Structures are given as C-alpha cells and as structure tokens.
Amino acid sequence: MFMPTTDPSRYFRLAVTRQRELRTRLSIASFIALTAWFLAPSIWPVAWLIAVFVTQLIDAKLFFPLRQTEDFKPSSRLSTILMASVTVNVSVYASLAIYLWFSGGSAGMVFGMVMLAGGMLHVSVHMHDVRAFVIASIIPYALYFLGLPILQAILSREPLDLLIAVGGVLYMTHLGVTIRQGSQSTKALKDANELARAAAERANIANSAKSDFLATISHEIRTPMNAVISAGQSLNRTQLDPTQRDQVEMLLDSGGILVALLNDILDFSKIEAGKMELIPASVDVPERLKAMQRIWSERAEQAGSSLRLTIDDSVPSALHLDPLRFQQIVFNLVSNAVKFTQDGYIDVRARWSASENMLEIEVEDTGCGIPADRLGAIFELFEQADARTTRRYGGTGLGLAISRRLAELMGGNLVARSDVGLGSCFIARMPCSLAEVVETANPSEAPTGSIAGLSILVAEDHPVNRKIIGHVLEPFGALVSFAENGALAVEHCRTNRFDVILMDMQMPVMDGLEASRQIIAEKLAPATPIIALTANVLDVHREAWAQVGAAGFVSKPIEHNLLITTILHCVQAARQDSPEMAD
C-alpha cells in the first residue's frame, strides 16, 4: 500500500517532522480533552491529557539521535524501541475515543470516530517514508476504529451497528489508495528533483568546461596571432614599396579582425555565464564620443559615407558608468553602421534625460536597411539579417548581440528600427548618474622619453614570442634579457638589476604568477615594476596579476605602442616612488 524509499535520510525527515509537529499535537490534544470534558465531565479527560504529554515528551527524547544527522541509520534495537514508542504514543493518544464512545453519547461517538479517522490520515501522510513506523502507527488507530463499533454491536446485540465497522473498512481502503497515490506522486516529484539537480550539475560542469575551453583556446590562438601581428607591425616600420606595404596592412587588418572576434566570443561567454562585471567610473562622455568620431571618420570616408556627431547641450561632461562597456557599445553600433553604409551618412546623436538619469545614444545610417521580419534576429548570437551578409560585408553577428546584453546589464536597453533601402537607427539607453568632473591626466605625468637604455627582463617560454618581443624592443635601444621560465627569471633577479620585468603567465618549471610572488616576497627587485605580458586575458587572470602586485597588464597579441607606453608608465611611476632607481 505504501511506497517506502531507500533514502537513508528518511529517518532524519521522520524525526524532524515529529519534532516540528510536537507542539501542534499537544495543542490538538488539549482541545480534544476540553471537548471530551464538555461532552462527559470527569477526571478522565484530564488524566488522558497528562498521559499524552508524558508519552509525547518521552517519544521526542527517544527520536533525538535521528534528528542530529541526515545519514544516521538506527540500529535494530533502536528501531524496535522507536516503533514501540510510536505504538504506545498512538495507543494513548487514540484511547480517549473509548471514553467518548461509551460516555459521550451520540456526539461523543461521532467525535471519537472523527478523531481516529483524522489521526490515521495524519500519520499516513507524515510517516509514509518509513513503512515499519507507519504500520506501527496505523495498527492502534485501526483497532480502535474498527473494534469500537464491533464491540458496540456485541454488547448491544444490534447487528446494524456493524455497519459502522463496514464504513470504517471503506474509509481505510480509500485512505490506503489515497496515500499510495500520494506516495507515488511524492516519489515521482523526488525523482524529478533528483533529475533536475543532476541536470543542473551537468550544466554547471559543462559551463565550467566551456569556460576552461575558451580560456585555453584564447591562449592558444593569441600565441600564434601574437607572432603574426607583431611581425606585421615590425615589417610596417621598415622600408617597403607600395605593394608590400599594402600587403602588410591587409595582414594587420585581418589579424585585428581575428583578435576582435576572439574578444567578442570571450565577452559573450562571460555575459552568458553571469561573470561580466561592470566597473563604473567618472566618464567624460562628450570627449569619448569625439574620440570615437576621430577614429571612425576615416573608415567611414573610405566606405563613401560621412560620420557626423551631435552632442546635445544636456549631456553632462561627467557621468558615472562603465567606460569600457560604454565605448564597446558605441563602437559596435558605429562599426555596424560604417559596414552597411557605402554611400550616404552616419549620424551619432547623444542626449541626456536628467529626470530619468538616462543617457541615450542614437546611431542612424542611410545604409541598406533590415527587413521587418529579420529585425528581431539581428540581436541573436551569430545572427545577421541575411545569410549573404557575412559573405558580402564580413562579421559574425556578435557585435549587436553583445551590445544589447551589455546595455541590459547596465540596466538599459538597445532597440532598432529600419526600412529596407533607406537605412537603420539603433538607440542605446543606459541609466547612469551624474559624476564629479573627470580628472584629466597631467601632461607632466604622461610617459615621456624612450625605452632606450632600459634593462628589460623578459620571462617567456615560447621561442617565437621571445624573438618577436626582441624585434619590438631592441630597435628602440632597450637592453633585453630572456628567461625561458619563471624559475630562471627569479635567478636572473638574484644576480642582475633590471628596470622592468615582462612576465608571461603560463610557463614550465615555474609559472609567471609564482615567479612574481617570489621576486616580490624576497625583494629581489624591490623598485622594478613587473608587467604581465600574457595571452591569458580573462578577468580572473587580470585579478590574479593584480593580487600578485603586477604594475601593468598587456595582452597578446602585443600592440607595440601600447607595450612601450605601458613600460614607460610603469618605469616612470616606479622612479617617482623610488628616486634611487633613477640613479
């Protein structure tokens, strides 16, 4: 009739349920005793109530070990004691029905039978997990429930009283069917929950594996791309004829596209995993938009269109928002407009609503437009308005998907309207608050001079990357030393003095993080800044370098000007903090 489970925690749940409902049982017992005394006043209801309190408290103490841990399984001896306790408790609890049956008149008989029926229902629902205990509880109730009408029929010699017992049998039959169905439903629900938990665990494992895979792929792709792009940048500084320069520029453009695609995939993965963190700061929005115009105007002109910027007077000079993600959204929208507008104009308009604390950026173009039935799809991952779009214009469909999710992450939205043949308009709304005036860099604090004469230690295990870094730094007069792993870098620092250390992350023998820790902890180069130069570019990697105490972070593929600027920044800051380093 019942569907017991083999779950070892069923004893724990049983004990916890009995303890949780102890106060309820005692309260109901008090009400029953009061009702019994009202129907048939005597000392017996009071005596019964005292007996109930005593047996219930003893029962709670006996079940105490089962409530301590979910994995506790009672011994045979303890199980026998607990079942005996349950049987005694139910026998005492239900015994008042005898008094009500014979002393309470018709109302007492009905009340007693209702009490017994309710008791059977209660124990069946709350104890069905452990078959032995539910049987030990049901038997005393059933004996009273069926025995009283039969005894009444015998004593009164009235066979019709047996019909009450027949009704009791029918009730118990229906109760058994109901509890069986309830047990099956409970078991099905538990099984479904287990499947859901297992599916969630598999999803978490898969998500973790995906993150690890992306991190690995990012590192492995950036390493050869570093060689490709850095070699192209080095070639671009040499004397080339027009054909060669055009080929190098194509090489650099294609490399830039690949790196941008890789960054987009990593960004979208972080957004999906809920690991994208916003870092708000005070941003000079008008200046950022003017910088965007300077960057993209030439590309727009090359495509045959003009880029126009309108900044409403309402836009404050300083707003509190994430500068990197703001720029990413604007750049993606403008890049998209430039790509699809080969003849016409691109208007970028900025407005500010003080009442809503809302910054609105509108990018309108006179490009090819988007069909109405495809307008919603352009914000989906890897989706574009037309399958021919990728072949004709390039791209993967990641930019708009990322931009919308970034806008939503900021608490805003990104919407679009478009007419085929007339153009499109994208409107990004980003909630942000007023900020204090953005501090502009002091010209005297900007990196000046050159890296000529600087002694630079490069810890890098990949031979091609060592050669590339040498090609980047040595033509500018830097004195470059190399270490093939972190352990060798530490030894170099024990015997030599360097102006700056460039440290890779993943290396054999000793990785860059551990090498940096040792160099800093042992004060082998106390005034020398350590700059992470790595293909590991996820936020967790940046945070790890920050915790170690790295002065800077440059990702691969290396952008030559950025690397040199970072070196100058870090060396200048170190010399300001430690004047003796300049000697």
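This report describes selected helices, strands and surface features of a predicted model.

## Helix 2

Helix 2 covers residues 22-39 and comprises 18 residues. From its first C-alpha to its last, helix 2 reaches 26 Å, close to the 26 Å expected at 1.5 Å a residue.

The buried residues of helix 2 are L22, R25, L26, A29, I32, A33, T35 and A36. An α-helix has 3.6 residues a turn, so residues three or four places apart point the same way.

W44 belongs to helix 3, which covers residues 44-62. Because its relative accessibility is 56%, above the 50% cut-off, W44 counts as exposed.

W44 also contributes to a nonpolar surface patch of about 620 Å².

Three strands, in the order 1-3-8, form an open sheet with antiparallel pairing. Strand 1 (281-283) and strand 8 (433-434) are the edge strands, each pairing on one side only.

Strand 1 is joined by three bridges to strand 3 (residues 319-321), and the two run antiparallel. Within this pairing, A281 has L321 of strand 3 as its bridge partner.

G552 is located in strand 13, which spans residues 552-555. With a relative accessibility of 13%, under the 20% cut-off, G552 therefore counts as buried.

Leaving aside residues up to four places away in sequence, G552 touches I530, I531, A532 and C570. The C-alpha atoms of G552 and I567 are separated by 8.2 Å, and these residues are 15 residues apart along the chain.

Methods: Residues numbered from 1 in each chain as written. Predicted model: local features only at pLDDT ≥ 70, side-chain atom pairs only at ≥ 80, totals over all residues. Heavy atoms only, no water. Patch = residues over 30% accessible without salt bridge, like charges linked within 9 Å, V, L, I, M, F, W, Y side chains within 5 Å. Areas by Shrake-Rupley, 256 points an atom, 1.4 Å probe, with all protein chains shown as cover. Salt bridge = Lys/Arg side-chain N within 4 Å of Asp/Glu carboxyl O. Helix = DSSP H or I, 4+ residues; strand = E, 2+ residues; numbered from the N terminus. Buried < 20%, exposed > 50% of the residue type's maximum accessible area, 1.4 Å probe, protein only. Contact = heavy atoms within 4.5 Å. Expected span 1.5 Å × (residues − 1). Pairing = 2+ DSSP bridges.
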